Amino acid sequence: VGTCQKDGDSGKNIGIGLVGAVIGVICFGSSFVPIKRYKKYAGDGVFAQFCMCFGRFMVGVCFLAASDNLTFYWSAAAGGALWTLGNVLSVPIIQCIGIGLG
């Protein structure tokens, strides 16, 4: 119910999902390493957050222009707003307590 799988295909793509999850953890978890290294240029984190958000927004615009689906999803927008709030707060947290704990 609500998935793209047929009844007998429940375990078919678990390996692909796990590989995608590991890649996501490595890529998203390491996105703040340059900010920690160059923290004197990061300031309070607003400029760093702006650069990250603008880059992700432009990639999204390129994908939107290339696709045929022009539907706006409010749940995706709410998730993006929460993700942005987490990114805004992560730079000061990393500068205060370090990248390992933050």
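The following legends describe close-up views of a predicted model.

**View 1. Overall helical arrangement of the protein.** The protein holds 5 helices and 0 strands, in the order α-α-α-α-α along the sequence; helices (H or I, at least four residues) and strands (E, at least two) are DSSP runs numbered from the N terminus. Of the 102 residues, 13% are buried (under 20% relative accessible area, 1.4 Å probe, protein chains only).

View 2. Phe50 lies in helix H4 (residues 46-66) and is exposed, at 51% relative accessible area (exposed meaning over 50%).

**View 3. The largest pocket.** This pocket contains about 500 Å³ of space. Its lining comprises 17 residues, of which Gly60, Val61, Leu64, Phe72 and Ala76 are the closest to its centre. H4 gives the most to the lining, with 6 residues, and helix H5 (74-97) also supplies at least two. A pocket is an open set of points on a 1 Å grid over the protein atoms alone, where a 1.4 Å probe fits, with protein on both sides within 12 Å along at least five of seven lines; lining residues have an atom within 4 Å of a point. Points are joined across faces, edges and corners, and the volume is the space filled by probe spheres set on them.

**Notes.** Residues are numbered from 1 along each chain as its sequence is written, and side-chain values use heavy atoms, without hydrogens and water. Local features need pLDDT of at least 70 and side-chain atom pairs count only at pLDDT 80 or more, whereas totals for chains, interfaces and linings use all residues.
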